[in-house]
There are 2 protein chains.
Amino acid sequence: MATTEILTAERILVATEEVLRRHGPAKATVVDVARALGVSHGSVYRHFRTKAALREAVTKRWLDRTTQTLSAVVAQDHDPQARLREWLAALFTAKRRKAGGDPELFATYTVLAGESGEAVGEHIATLTGQLTEIVRSGVDSGVFAAADPAATALALFHATDRFHDPCHAREWERPGIEDEFEAVVDLVLRGLRAA
Amino acid sequence: MATTEILTAERILVATEEVLRRHGPAKATVVDVARALGVSHGSVYRHFRTKAALREAVTKRWLDRTTQTLSAVVAQDHDPQARLREWLAALFTAKRRKAGGDPELFATYTVLAGESGEAVGEHIATLTGQLTEIVRSGVDSGVFAAADPAATALALFHATDRFHDPCHAREWERPGIEDEFEAVVDLVLRGLRAA
DNA sequence: CAGCTGACAGATGTTGAAATCTGTCAGCTG
DNA sequence: CAGCTGACAGATTTCAACATCTGTCAGCTG
């Protein structure tokens with residue numbers, strides 16, 4: 001049965017996610033995770049050097065699920081303008097759903113972002129990489145003007161911070177936020193179009 | 001001498017600012033303020049109904065100093081493009097200087113912003129009002145295209161959130177932030193120009 | 001002997017009683 | 001009598017003793 005299986009990093013991550021969801025980032029302990037798995041907490045430390053490393057690994061898994069959803073948008077064969085718009089909307093929607101539907105895990109992610117953890121930095125790098133790809137394809141097909149697609153992608157990411165940075169999460173439930181999002185996206189897309 | 005003068009709201013605000021600077025928002029008490037003024041704390045409550053009202057009045061005074069600095073930029077007779085650029089740069093500079101030079105008062109402002117206090121809402125309304133004025137003058141002179149100057153001004157404000165919202169203050173000291181700011185401003189200014 | 005356990009030291013968190021603070025108000029004072 | 005005081009009730013914060021947690025490691029076990 002399950003509890004006699006070899007203890008793997010994956011099983012620990014699944015259990016940790018569950019413990020975080022139940023207890024929240026402030027009260028979830030390594031001892032709780034070990035108890036949930038029916039092992040001693042020393043065993044958990046065999047797979048993750050520190051509690052911070054465990055927390056970061058859980059966050060990485062969780063962030064990667066968003067990255068994968070968005071990569072599908074990058075691969076679509078709509079024109080770059082539409083893809084960019086859809087990508088930004090998908091990012092906003094994904095973050096908003098996580099903030100609303102998984103508040104405890106989202107709090108963990110927010111804490112980690114505040115500590116400028118490795119996983120969050122990588123996540124942002126991956127996202128801006130996807131954006132760069134869309135911008136570059138727009139430049140190639142002549143609909144976007146951008147001397148440095150990577151720098152422009154970063155500017156796009158920063159200009160839309162309000163709609164994906166966790167420190168703004170409280171505002172994502174306010175009425176009218178959709179219109180604000182559309183207004184900002186319209187503005188930056190106009191700034192991107194070839195003259 | 002000073003301590004025998006009539007106790008005015010202004011004197012209380014000055015003393016409160018000093019107490020906040022010294023103790024920070026978490027530890028500054030109304031009793032501290034009264035002690036600094038050599039009066040009983042009951043007297044302070046004669047001028048401000050609650051501690052929250054006092055804190056908000058201090059924040060308002062402090063925010064108004066920024067508003068006044070920026071209104072000078074609005075009144076300049078440069079072309080709208082230059083004025084908009086200067087206004088955004090002046091806002092970023094002002095916020096950054098406050099975050100770095102007055103960390104305790106800035107923390108108070110951040111706390112208040114989180115509680116969505118009246119004063120912060122008014123401050124933001126005033127700022128977007130100034131932005132609207134610049135956008136409108138650009139539309140009038142034909143250099144900007146904007147169907148709804150007020151909505152466009154709000155979009156500009158949101159697109160540059162990263163460079164004035166207190167929740168991003170930690171990032172304002174990072175190297176490269178100037179370039180990120182320039183990139184975002186370039187992007188939105190291009191989005192604003194008349195076709 | 002690879003994988004796990006459980007006891008341990010030092011760090012961190014919890015708890016509840018004591019101290020301080022907020023906000024009110026009857027009355028003092030110039 | 002306008003302006004201030006200081007005592008008070010209830011809410012909040014502090015502090016120190018106690019409990020739990022983190023991270024290590026010598027040794028057990030299959």
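The chat below goes through a predicted model with chains A and B.

Q: Before we start, what should I know about the numbering and the model?
A: Residues are numbered from 1 along each chain as its sequence is written, while chains are lettered from A and ligands numbered from 1 in the order in which they are written. This is a predicted model in which local features need pLDDT of at least 70 and side-chain atom pairs count only at pLDDT 80 or more, whereas totals for chains, interfaces and linings use all residues, and side-chain values use heavy atoms, with hydrogens and water left out.

Q: OK, how many helices and strands does chain A have?
A: Chain A has 9 helices and 0 strands, where helices (H or I, at least four residues) and strands (E, at least two) are DSSP runs numbered from the N terminus. Its C-alpha trace spans about 65 × 35 × 30 Å along the principal axes.

Q: And how much of chain A is buried?
A: Of the 195 residues in chain A, 46% are buried, a term that stands for under 20% relative accessible area, with over 50% called exposed and anything in between partly exposed (1.4 Å probe, protein chains only).

Q: Switching to the interface, how many residues are in contact?
A: On chain B 23 residues are in contact with 23 residues of chain A, contact being heavy atoms within 4.5 Å. H158(B), L187(B) and G191(B) supply 27% of the area that chain B buries against chain A, more than any other three residues; buried area is the accessible area (1.4 Å probe) that two parts lose on being put together, summed over both.

Q: How many salt bridges go across?
A: The rule finds 2 salt bridges across the interface of chain B and chain A, each being a side-chain nitrogen of Lys or Arg within 4 Å of a carboxyl oxygen of Asp or Glu. In one of them R162(A) pairs with D161(B), and the closest N and O atoms are 3.3 Å apart.

Q: Which helices of chain B are on that side?
A: Helices α6 (103-114), α8 (149-159) and α9 (177-192) of chain B each supply at least two residues of the side that touches chain A, and α9(B) gives the most, with 8 residues.

Q: One last thing, is T108(B) buried or exposed, and what does it touch?
A: T108(B), placed in helix α6 of chain B, is buried, with a relative accessible area of 1%. Not counting residues up to four places away in sequence, T108(B) touches L20(B), P25(B), R55(B) and T59(B).
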